Amino acid sequence: MELTKPSEALQVASTLQTFVNERKLTANIQGKNYPLVEAWQFAGSQLGLIPVIKWVKNLSTDTEIKYEAIVEVLRLSDNVCLSRGYAVCSNKEHSKKRFDEYAIASMAQTRAVGKAYRNILAWLMKAAGFEATPAE
């Protein structure tokens, strides 16, 4: 599905809003609702878009567990890459100090997915009443 008319975009935004609210797929940060990665994935699925992890690289040192990830969002109908997202996660982050290595690598991927979708669907999240930045 491609959105070519405002009425189509508003319909997808309405569906997105209902789905995200019913399933509590936002994080409330300072009174604003930031969509979780699952909300971004649902939005993408409504438009035939899927995330594909292209790269996960271990950047760890002796004193830090650190991973970077790159994700592409592809259009299913023709496998064209419409967006890329890059993210890093480290156990030096305040809330990640006690995370295992696999969780640090996974969070880098999750963040990259959210960023890749945000790059092309921020307007849709705003139309649905949410912040245009992923919670992750």
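**Stop one: a hairpin**

Select Arg75 and find its bridge partner in β5, which is Val80. This is a predicted model. Now widen the selection to strand β4, residues 66-75, together with β5. The two strands pair in the antiparallel sense, over 10 bridges. They form a hairpin with 4 residues between them. Click on Asn79 in the turn: its phi is positive, about 60°.

**Stop two: Ser83**

Stay in strand β5, residues 80-90, and pick Ser83. Is Ser83 buried or exposed? Its relative accessible area is 6%, under the 20% cut-off, so Ser83 counts as buried. Show its side chain. A polar atom there lies 2.6 Å from the backbone oxygen of Ala116. Next, display what surrounds Ser83. Beyond its neighbours within four places in sequence, Ser83 is in contact with Val71, Glu72, Val73, Ala116, Asn119 and Ile120.

**Stop three: the core**

In soluble globular proteins, nonpolar side chains tend to be buried together. Look for that here. The largest nonpolar core has 31 residues. Select Leu16, Tyr117, Leu121, Leu124 and Met125, the residues with the most contacts inside this core. Which elements give two or more residues to the core? They are α1 (6-22), α2 (37-45), β4, β5 and α3. Colour α3 on its own: this helix gives the most, with 11 residues.

Now centre on Met125. Leaving out neighbours within four places in sequence, its contacts are Leu16, Pro35, Ala39, Trp40, Ala43, Phe130 and Glu131.

**Stop four: Glu136**

Go to the segment after α3 (101-127) and select Glu136. Its relative accessible area is 27%, between the cut-offs of 20% and 50%, so Glu136 is partly exposed. Setting aside residues up to four places away in sequence, Glu136 touches Pro35, Leu36, Val37, Met107, Thr110 and Arg111. Then draw a distance from Glu136 to Gln46. These residues are 90 apart along the chain, and their C-alpha atoms are separated by 21 Å.

**Last stop: the whole chain**

Zoom out and show the cartoon. How many helices and strands does the protein chain have? There are 3 helices and 5 strands. Trace them along the sequence and the pattern reads α-β-β-α-β-β-β-α. Finally, colour by burial. Of the 136 residues, 38% count as buried.

How values were computed:
Residues are numbered from 1 along each chain as its sequence is written. This is a predicted model: local features need pLDDT of at least 70, side-chain atom pairs count only at pLDDT 80 or more; totals for chains, interfaces and linings use all residues. Side-chain values use heavy atoms; hydrogens and water are left out. Buried means under 20% relative accessible area, exposed over 50%, partly exposed in between (1.4 Å probe, protein chains only). A polar contact is a pair of N or O atoms within 3.5 Å; within protein, one must be able to donate a hydrogen and the other to accept it, and residues adjacent in sequence count only if both atoms are side-chain atoms. Contact means heavy atoms within 4.5 Å. Two strands pair if DSSP finds at least two bridges between them. A nonpolar core is a set of buried Ala, Val, Leu, Ile, Met, Phe, Trp, Tyr and Cys residues joined through side-chain atoms within 4.5 Å.
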